[in-house]
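Here's a quick briefing for anyone opening this entry for the first time. Have a look at the picture, then read on.

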2 protein chains.
Amino acid sequence: MKSGKKEISVGLLGCGTVGSGVVKILAGRGELIRARVGAAIRLAKVADLRPEAAAALDLAEGVFTTDAFSVARDPAIPVVVELIGGEGAARKLILEALALGKSVVTANKALIASHGDELFKAAAEGGGELFFEPAVGGAMPVIKTLRESMAGNRVESVFGILNGTCNYILTRMTREGISYATALAEAKDRGYAEADPTLDVSGMDTVHKLAIVIAIAFGTRVSYGDIFVEGIERITPLDIAIAREFGYRIKLLAIAKNLGDRVEGRVHPTMIPKSDLMAAVNGAMNAVKIVGDAAGEMVLYGPGAGMMPTASAVVSDLVDIARNSLSGAKKRVPVFAFQPRNIGSIPILPAGEVETRYYMRFAAADRPGVLSKISGALGHHGISIQSVHQKGRKSDGAVPIVLLTHTAGESKVRAALAEIADLDVISGAPVLIRIEDPNESA
Amino acid sequence: MKSGKKEISVGLLGCGTVGSGVVKILAGRGELIRARVGAAIRLAKVADLRPEAAAALDLAEGVFTTDAFSVARDPAIPVVVELIGGEGAARKLILEALALGKSVVTANKALIASHGDELFKAAAEGGGELFFEPAVGGAMPVIKTLRESMAGNRVESVFGILNGTCNYILTRMTREGISYATALAEAKDRGYAEADPTLDVSGMDTVHKLAIVIAIAFGTRVSYGDIFVEGIERITPLDIAIAREFGYRIKLLAIAKNLGDRVEGRVHPTMIPKSDLMAAVNGAMNAVKIVGDAAGEMVLYGPGAGMMPTASAVVSDLVDIARNSLSGAKKRVPVFAFQPRNIGSIPILPAGEVETRYYMRFAAADRPGVLSKISGALGHHGISIQSVHQKGRKSDGAVPIVLLTHTAGESKVRAALAEIADLDVISGAPVLIRIEDPNESA
């Protein structure tokens with residue numbers, strides 16, 4: 001065979017953490033990749049605005065440049081990896097590369113979630129491909145599994161722990177009983193949270209990933225702004241401890257459900273049964289549970305971020321592109337899993353129409369009649385109570401009252417909560433945490 | 001676009017449980033598959049020796065035949081699914097189909113493990129493809145993940161719970177404290193074990209799957225007879241209970257490790273820490289842990305067998321074949337993950353050279369000096385004891401002595417065990433269970 005000399009030239013845009021990982025894999029595992037692919041994947045150009053980024057990378061003469069656009073436009077480079085992030089230069093670079101017929105790999109979930117349609121059209125017109133395995137779940141093959149392995153399934157639902165920062169913080173709070181603020185500070189110290197952790201702890205990073213998952217799982221366009229989101233900032237050790245007593249763990253869960261004419265899509269702190277495998281996903285690890293009508297329940301578990309795992313996903317996409325190129329395949333797998341003409345616009349179920357079970361905690365005056373007022377308000381809104389508990393100690397003259405509801409509508413729950421918050425026997429804002437428990441219904 | 005009329009004709013050989021599932025998916029999810037693939041996957045022919053098999057399937061006129069060879073040879077059928085099993089007719093049918101240039105999907109792990117080379121050559125010469133995702137782990141994308149998603153990784157190790165029957169039996173023994181015989185009878189009652197469960201409980205089914213995993217993970221030819229195997233038949237509730245006290249669960253674990261010039265490959269009941277996610281894999285569920293040098297530790301979890309999950313894997317392979325065909329791709333991914341010329345013959349480490357930690361249980365006379373004789377024998381063979389315990393009650397005048405060792409060589413351990421078994425203070429055969437604990441070394 002003559003394929004020993006074949007190679008695919010790649011241009012890497014952005015060499016921060018993940019980019020450096022890609023350089024490392026292509027340099028260190030080049031022979032192994034060639035043994036699998038039958039061709040070399042060669043890093044032809046590496047672009048970064050910071051010239052000092054090149055220093056640590058041991059690149060060959062002439063590979064590094066500070067001009068990313070020159071790489072995106074280079075006719076000798078058919079494949080571009082975008083790891084710059086953001087929706088500014090990254091978007092322009094990807095669009096240019098795609099317009100020139102190049103294939104692109106990106107880890108940019110925010111960009112795909114917000115400009116997926118535009119990118120997809122550019123790929124379709126240019127003739128290249130758009131890959132984004134590294135955008136969701138690090139090395140875990142979330143995108144590949146949904147686009148390829150589930151191809152014979154109606155995907156019923158997807159549940160994800162998709163943000164390592166949040167999962168690390170919640171795990172530390174659960175194990176050590178420490179506050180959110182303390183756990184966040186620790187996460188920053190250890191490099192699990194950025195200086196400004198807002199994108200992670202607010203749940204927005206998870207929303208971006210969920211939008212991508214919904215699109216490819218259900219074959220629909222998604223406006224990620226329609227996805228309900230609540231972050232982990234207000235979770236307390238008390239709620240974690242009470243959840244534990246009821247047999248639950250609290251995770252920031254991305255939830256996608258296929259309701260046929262609607263899609264349920266939401267991201268919020270969620271109580272899940274401790275017997276659920278997802279409850280055993282701790283620290284900075286991620287997991288995705290995919291439920292298909294034929295496949296049943298599958299879980300992928302792994303490091304959802306980090307230099308080498310994410311770089312591993314980039315390289316797996318590069319290998320897919322190389323294999324397509326070598327075998328002459330064009331548009332082998334549709335970018336968003338479905339043929340363009342079969343992608344629908346299934347609306348996201350409005351948050352108020354979601355039905356689930358709820359955990360509620362109130363700081364209530366320790367006197368007779370309080371419970372009847374609370375349960376009266378809930379009954380008035382048609383919310384059925386599963387159990388009521390007084391948990392924890394009195395503080396500032398108030399005792400914590402905890403309620404678990406049967407399945408109820410979100411808008412009714414919110415209305416009831418507002419009514420209860422106004423009661424003179426209630427101090428402070430009520431706490432509301434949603435429960436996702438496949439073992440219990442109604 | 002004109003692709004709405006495109007279709008890929010498939011011939012299905014064998015329609016027992018999984019075959020019926022394939023018929024069901026292709027009939028019930030045909031539109032969904034077409035929306036993803038851009039072409040229909042049409043069941044052109046279904047062959048089964050039992051004419052009555054057709055009755056339940058609601059097949060169109062003329063689709064069913066009792067002559068599988070006529071399907072394998074049919075020039076109008078470019079893709080064949082082999083679900084007959086065994087190494088007789090199945091092998092001949094696959095070889096004929098491949099020789100005619102057809103692509104083949106098979107769930108036949110025994111055949112691939114024993115005749116992989118022959119099948120692979122037939123595919124190479126014929127120009128078709130050979131897919132076998134349903135052979136390992138049901139719907140879980142074990143093969144795809146190893147062949148594609150790990151392409152940038154040196155795969156360091158793979159650990160699998162790959163047999164639902166064994167895992168069901170061990171789970172029931174663990175939860176209920178029942179004997180192996182009782183749990184096996186229950187598994188048969190519930191359809192988790194066949195009338196003759198030997199292939200499953202002996203570990204041989206797991207060996208076949210592990211042989212396939214080793215081949216594609218490490219790029220080597222494998223003689224599955226070289227893989228050390230021990231079944232679950234002699235596991236007792238007592239050992240399970242003692243394991244639990246030490247923080248371990250007992251699983252039938254398939255173990256593959258990349259030692260560079262050797263491959264460790266073994267299947268046996270194994271104590272794993274209860275904190276390991278694999279320890280939480282219960283009932284008939286399967287899981288595979290893949291450790292890559294870049295990806296880190298990933299786990300796939302799901303139903304490892306059963307009608308619809310396995311059929312889901314068959315259909316995912318059919319979709320891959322359809323996509324290759326539609327996009328003009330040939331030999332896109334090598335059958336055994338590596339380019340043929342790069343597949344080596346890395347020897348399996350002989351069982352005696354394996355080094356791991358061990359659990360040993362002896363029925364010993366309850367009198368002074370016993371322990372010194374046992375530990376003397378171990379010391380004599382250079383085996384270092386981590387801890388010694390007297391566990392459980394005296395019976396027949398003997399007390400159970402339990403030892404955990406530090407890492408030791410298997411051949412030394414066996415020699416020491418033979419010496420100990422000969423001691424006059426020991427009654428009955430010693431029990432030996434291997435420990436796989438990444439948290440503890442030496």
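Through which surface do the copies meet? They meet through the same surface, because 100% of the interface residues of chain B are also interface residues in chain A. Before going further, keep in mind that this is a predicted model, where local features need pLDDT of at least 70, side-chain atom pairs count only at pLDDT 80 or more, and totals for chains, interfaces and linings use all residues. As for labels, residues are numbered from 1 along each chain as its sequence is written, while chains are lettered from A and ligands numbered from 1 in the order in which they are written.

**Chain A as a whole**

- Chain A has 14 helices and 17 strands; helices (H or I, at least four residues) and strands (E, at least two) are DSSP runs, numbered from the N terminus.
- Along the principal axes, the C-alpha atoms of chain A fill a box of roughly 85 × 45 × 35 Å.
- Of the 442 residues in chain A, 54% are buried. Buried means that 20 or more other C-beta atoms, placed from the backbone, lie within 10 Å of the residue's own; exposed means 12 or fewer, and partly exposed is in between.
- Chain A is split into domain 1 (3-136 + 307-342), domain 2 (142-303) and domain 3 (353-435), with bounds from an automatic or database domain assignment.
- The C-alpha centres of domain 1 and domain 3 of chain A sit 51 Å apart.

- A rotation of 180° with 0.0 Å of shift along its axis puts chain B on chain A, at an RMSD of 0.0 Å. That's the relation of a two-fold axis. The superposition is by least squares on the C-alpha atoms of residues with pLDDT of at least 70 in both copies.
- On chain B, 55 residues are in contact with 55 residues of chain A, where contact means C-beta atoms, placed from the backbone, within 7 Å.
- Helix 2 (30-37), helix 7 (142-149), strand 12 (296-303) and helix 13 (307-327) of chain B each give two or more residues to the side that touches chain A. Helix 13 of chain B gives the most, with eleven residues.
- That side of chain B divides into 27 nonpolar, 16 polar and twelve charged residues.
- Strand 12 of chain A and strand 12 of chain B pair in the antiparallel sense over three bridges; pairing takes at least two DSSP bridges. Here Leu300(A) has Leu300(B) as its bridge partner.

**Residues to look up**

- Asn153(B) is in the loop between helix 7 and strand 7 (155-161) of chain B. Asn153(B) counts as buried because 27 other C-beta atoms lie within 10 Å.
- Leaving out residues up to four places away in sequence, Asn153(B) touches Ser312(A), Gly292(B), Asp293(B), Ala294(B) and Ala295(B).
- Asp58(A) isn't a glycine, yet its phi is positive, near 55°. You'll find Asp58(A) in the loop between strand 2 (40-47) and strand 3 (64-65) of chain A, and Asp58(A) counts as exposed, with 9 C-beta neighbours inside 10 Å.
- Ala337(B), not a glycine either, has a positive phi of about 75°. Ala337(B) lies in the loop between helix 13 and strand 13 (355-365) of chain B and is buried, with 22 other C-beta atoms within 10 Å.

Terms used. Two residues are in contact if their C-beta atoms, placed from the backbone, lie within 7 Å. Ala, Val, Leu, Ile, Met, Phe, Trp, Tyr, Cys and Pro count as nonpolar, Asp, Glu, Lys and Arg as charged, and the others, Gly among them, as polar.
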